[in-house]
Amino acid sequence: MPIPKAVCLLFLLFVLCDTPCQAEQLNLGSGEFTFVDPEGNPDRPIRVFYYCPRRINRDSSVVFVIHGKNRNADGYRDTWIKYAEQKNLLVLCPQFSREHYPNSRHFNLGYMFSSKGELRDKKKWSFYSIERIFDQVVEDNRLKAKQYSIYGHSGGGQFVHRMVLFLPEARFNLAIAANPGWYTMPQLDIAHPYGLENTEVDSDQLKKAFGRRFGLLLGGADTDPNHESLRKTPEAMQQGPHRLSRGQEYFRQSRALAKQLRTKFKWQIAIVPGAGHSNSKMSAAAARIIR
């Protein structure tokens, strides 16, 4: 018996409405939207460049990709398109623009402190905007995801490693920092931003951070001590002469402190052979362990 055209049309409408990344939601492929957080910094909107894979469904995973100092979120998004299709990932690349997040205090230091050096409300931190964007995308596209992965390179790697330290309750299932130029060391007696003094982080919070899945990816050839964007303050130079050595020192100190605190240490470190300060090579390594 033929199926009435009206029934077919009704079924088609049902399927379209039940599929994420349609029309008023996120479109398939590359796109962007503007995120405004009324509970965070409503006067500092964030453009989010995204890629929605062709096989998107409610069970698809969400991954945030954080740009470096050039703020080229669209370029970072484009690098991840092939991985999005291969692994059915919804890729979200927030852009912390120079207009609204002009310097390191606003971006890779998480906008934790005011210009007067006062600790701001946690919900106004740049780190926290990741949680808000995640909530909006999941709700608007009716995804089942309860957690997300997050990867950042260079300045974005700084953002990610600090997010793990200062916001360990965030809903990431895996955080990856690649080639950060310098670090906030997990030391309570070193002044912020090079340490944790005056940040309200204590030993209990460090234990939480050490218990989260965090990966530090370092380029085996990221060893230029004169790289134009490498911070060379006395405090940064104490961490090492170049990015590779600084990352190794950060991991060494973190592991030693976790042992001292007698707590679980779920962090891992990996060196990508032959990779310099290259987001494309580090992204390829990160994509292999993100699911």
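Trainee: What volume does the largest cavity have?
Mentor: This is a predicted model, so every value here is computed from it. The structure holds one cavity of 30 Å³ or more. The volume of the largest cavity is about 90 Å³.

Trainee: Which residues lie nearest the centre of the largest cavity?
Mentor: Its lining is made up of 13 residues. By class, six are nonpolar, four polar and three charged. Nearest the centre lie Asp 37, Asn 41, Ile 46, Tyr 101 and Ser 129.

Trainee: How much space lies in the largest pocket, and which residues are closest to its centre?
Mentor: The space in the largest pocket comes to about 270 Å³. The pocket is lined by 14 residues. Closest to its centre are Lys 69, Asn 108, Gln 158, Trp 182 and Ser 229.

Trainee: How many residues of each class are in the lining of the largest pocket?
Mentor: Sort the lining into nonpolar, polar and charged residues. The count is two nonpolar, four charged and eight polar.

Trainee: Where does His 67 lie, and is His 67 buried or exposed?
Mentor: His 67 sits in the loop between β3 (61–66) and α2 (73–79). Buried means under 20% relative accessible area. His 67 has 0%, so it counts as buried.

Trainee: Which backbone nitrogen does the side chain of His 67 reach?
Mentor: Start with the contacts beyond four places in sequence. Among them are Asn 72, Tyr 76, Pro 94, Phe 96 and His 153. One of these gives a backbone nitrogen at 3.0 Å from the His 67 side chain, that of Phe 96.

Trainee: His 106 is another histidine; is it buried or exposed?
Mentor: His 106 is found in the loop between β4 (89–95) and α4. Leaving aside neighbours within four places in sequence, it is in contact with Arg 44, His 100, Tyr 101, Tyr 111 and Ser 126. Its relative accessible area is 4%, so His 106 is buried.

Trainee: How many disulfides does a search of the whole structure find, and how far from Cys 93 is the nearest cysteine sulfur?
Mentor: A disulfide is a covalent bond between the sulfur atoms of two cysteines. The search of the whole structure finds zero. Cys 93 is in no disulfide, and the nearest cysteine sulfur, that of Cys 52, lies at 13 Å.

Trainee: Is Cys 93 buried or exposed?
Mentor: Look at its relative accessibility, which is 0%. At that value Cys 93 counts as buried.

Trainee: Which residues does Gln 187 touch, not counting residues up to four places away in sequence?
Mentor: Gln 187 is also found in the loop between β6 and α6. Its C-alpha is 11 Å from that of Leu 165, a residue 22 places off along the chain. Gln 187 touches Gly 195, Leu 196, Glu 197 and Gln 253.

Trainee: Phi of Arg 142 is positive; what is the value, and is Arg 142 buried or partly exposed?
Mentor: Arg 142 is in the loop between α4 (126–141) and β5 (148–153). Its phi is near 50°, positive in a residue other than glycine. At 34% relative accessibility, Arg 142 counts as partly exposed.

Trainee: And Arg 262, is it buried or exposed?
Mentor: Arg 262 has its place in the loop between α8 (243–261) and β8 (268–272). Its phi is near 55°, again a positive value in a residue other than glycine. Exposed means over 50%. Arg 262 has 80% relative accessibility, so it counts as exposed.

Trainee: Which elements do the buried residues of α9 pack against?
Mentor: Helix α9 covers residues 279–289. Its buried residues include Asn 279, Met 282, Ser 283 and Ala 286. They pack against α2, α3 (81–87), β5, β6, β7 (214–219) and β8.

Trainee: How far apart in space are Val 164 and Phe 127?
Mentor: Val 164 is found in helix α5 (residues 155–166). At 1% relative accessibility it counts as buried. Val 164 and Phe 127 are 37 residues apart in sequence. C-alpha to C-alpha, they are 9.3 Å apart.

Definitions and conventions:
Residues numbered from 1 in each chain as written. Predicted model: local features only at pLDDT ≥ 70, side-chain atom pairs only at ≥ 80, totals over all residues. Heavy atoms only, no water. Helix = DSSP H or I, 4+ residues; strand = E, 2+ residues; numbered from the N terminus. Buried < 20%, exposed > 50% of the residue type's maximum accessible area, 1.4 Å probe, protein only. Polar contact = N/O pair within 3.5 Å; in protein donor to acceptor, adjacent residues only side chain to side chain. Contact = heavy atoms within 4.5 Å. 1 Å grid on protein atoms, 1.4 Å probe; cavity = no way out; pocket = protein on both sides within 12 Å on 5 of 7 lines; lining within 4 Å. Points joined across faces, edges and corners; volume = space filled by probe spheres on them. Nonpolar A, V, L, I, M, F, W, Y, C, P; charged D, E, K, R; others polar. Disulfide = S-S within 2.5 Å.
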